Amino acid sequence: MFKKASIQVLLIVFITFLLFPLLWVLATSFKTTPEIYAGVPGLLPASFSLEHYQTILHGSNVLSAIRNSLMVGLLSTFLGVIIALPGAYALARFQSALNQAVLGWILTSQIFPAILIMIPLYVLLRSLRLTDSLPGLALVYVVWSLPFVLWMLHGYLKSIPVDLEEAAAIDGATRAQIIFRILLPTLLPALGAAMLFTFISAWNEFFFALVLMKSPDAVTLPVELARYTGMEGQARTGPLAAASVVATLPSLLLFAIIQKWFAGGLLAGAVKN
Amino acid sequence: MYVAVARCRKPIIRFAFPIFLIKLNSKRSHKHEQLKLLLPVILPVLLLSIIPLARGIYLGFTDYRLGDPIQFNGVENYIQLARDEFFWQSFRVGLVWTLAVTAGQVLLGLALAMLLNTKVRFTSVYAVLMLAPWAMPPIIRGIVWRQIYDMDAGWLNAALLHLGWIAKPINWLSSFELAIPAVIIAGIWGEIPKAAVFLLAGLQSISSDLYEAARLDGANTIREFFHITLPALTPVLAAIVSLSFMWNFNTFGLVWVLTQGGPGGLTRLPMLAAYEEAFRYGYVGYAAAIGNVMVIVISLVLFTYLRIQFRERLA
């Protein structure tokens, strides 16, 4: 009994530490500016104010940055699926040197720091005048998240028996029909996960966007927010907290959606015992 | 997640050396079709990943500055790097940061995973709540921790002043003694969930029969940990340690937002140094050389990991 209680206490300490910064920024975003600077370490705002959310929605670049981030995220998610699905199918169903080469690239691509790709890419895109282009950035993100998406989908496809496809092929279905009519429905959960992964990594990405997106109209949310660091001051802290909450929402939503499945899978053994 | 790790285990070795294991058993008609399916993958990857990468590695052996003609200069960049005090400084800090964050996230992640793996109440709620740092974009993690460390409006100073532990506010991120620990704590905080998820999945896969047998033999918790848990967890531990090492060594956004490499270049990680050389000063070739050195470090870690995995398989 004593052991269980002490485990419980340790867990609460751990979770408080992990959760605290999120709660703190959430609280700060609802505090009034004078209260932020009052120096009281309390978490609950004394008075609930939406002024900082209004500040970022009007009269600043944050709204257009959110729009840009959404566009890049959705575009790369859409492109990523179209590219990865047939590719993952080929990787799962055929055996060849080409296959081994692609899978080899998937793993080796992970060891190179982004700077090595970034420099030539920047030089190339600059000479083509393609910096500041949202579709260009989306394409870079597709390639960046492709290794993980391909790896995941190809593993999932491998676990689907071929019998189904063979039966369809005997009935005269083409390869495209097999992929989109038969495999796609069974693949939807994995596809959903892959799409969410692509979207979140595009939404979160900072380094490529920092280098490639220079004009104020084209910056994505992380770049826009990073600009304000070093000039917090009284006017900035509140709006920055509000913008941080907004930037966290998509991934928080994702975790809220998958949490049941996640906790279930993660603690499956504990429940069984 | 563990399933993924376990599945990767064999393929990692197979696919890491594709050249030695080329299989030529595909039929001709299949080959054509396969190419058609893979072309949408191969083309963008070739254009936006492999070719730029090859060029990036090459640029590390040139004196290229933005706008100037490119001239091959052999190992001159590396000789210069070896003499460059700023580079050594960033490399040292990079290693301190990487080792501290990796150790911190794995040890704390293991502790958290083991606590979650017990039969107490609410573990499924905790397992979801612990993901909070992971749900935040790295840039936002930086911004939030910056606000916590903020001298005037930050929570940390407010709390410490309130408790009377300090007399006047501390400028955490500008202090020469405190900046590195402050940045490392923010880094560990952000990376704990990843390690905990991997390790919890690993713990779950250990058969409970082993523990029951040990208990019958009268083993205590500590013996259980060292004789059952740790050996069974070694493959997962090796995977998460080496992956985290790679990720942490490549950190950019978090530290960029927290300190921009300051004070006085004290927290300038290798990626920040390379970024500044290339995009602030225009020394593109030199920055690529830093990137090449980073590849060598990361490859060494990956190679060690593969060796551990390989030994596991033979054993």
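Student: Across the interface of chain B and chain A, how many residue pairs are in polar contact?

Tutor: This is a predicted model, in which local features need pLDDT of at least 70, side-chain atom pairs count only at pLDDT 80 or more, and totals for chains, interfaces and linings use all residues. A polar contact is a pair of N or O atoms within 3.5 Å; within protein, one must be able to donate a hydrogen and the other to accept it, and residues adjacent in sequence count only if both atoms are side-chain atoms. With both residues at pLDDT 80 or more, the pairs found between chain B and chain A number eight.

Student: Which helix of chain B gives the most to the side that touches chain A?

Tutor: Helices are DSSP runs (H or I, at least four residues), numbered from the N terminus. Residues are numbered from 1 along each chain as its sequence is written. The element spanning residues 28-59 gives 20 residues to that side of chain B, and this is helix H2.

Student: How many salt bridges does the rule find across the interface of chain B and chain A?

Tutor: The rule asks for a side-chain nitrogen of Lys or Arg within 4 Å of a carboxyl oxygen of Asp or Glu. Between chain B and chain A, the number is zero.

Student: How many residues does the contact take from chain A?

Tutor: Contact means heavy atoms within 4.5 Å. Chain B supplies 103 residues, and chain A supplies 94 residues.

Student: How many helices are there in chain A?

Tutor: Chain A has zero strands. From the N terminus on, its elements are written as a run of α. The number of helices in chain A is 13.

Definitions and conventions: Chains are lettered from A and ligands numbered from 1 in the order in which they are written. Side-chain values use heavy atoms; hydrogens and water are left out. Helices (H or I, at least four residues) and strands (E, at least two) are DSSP runs, numbered from the N terminus.
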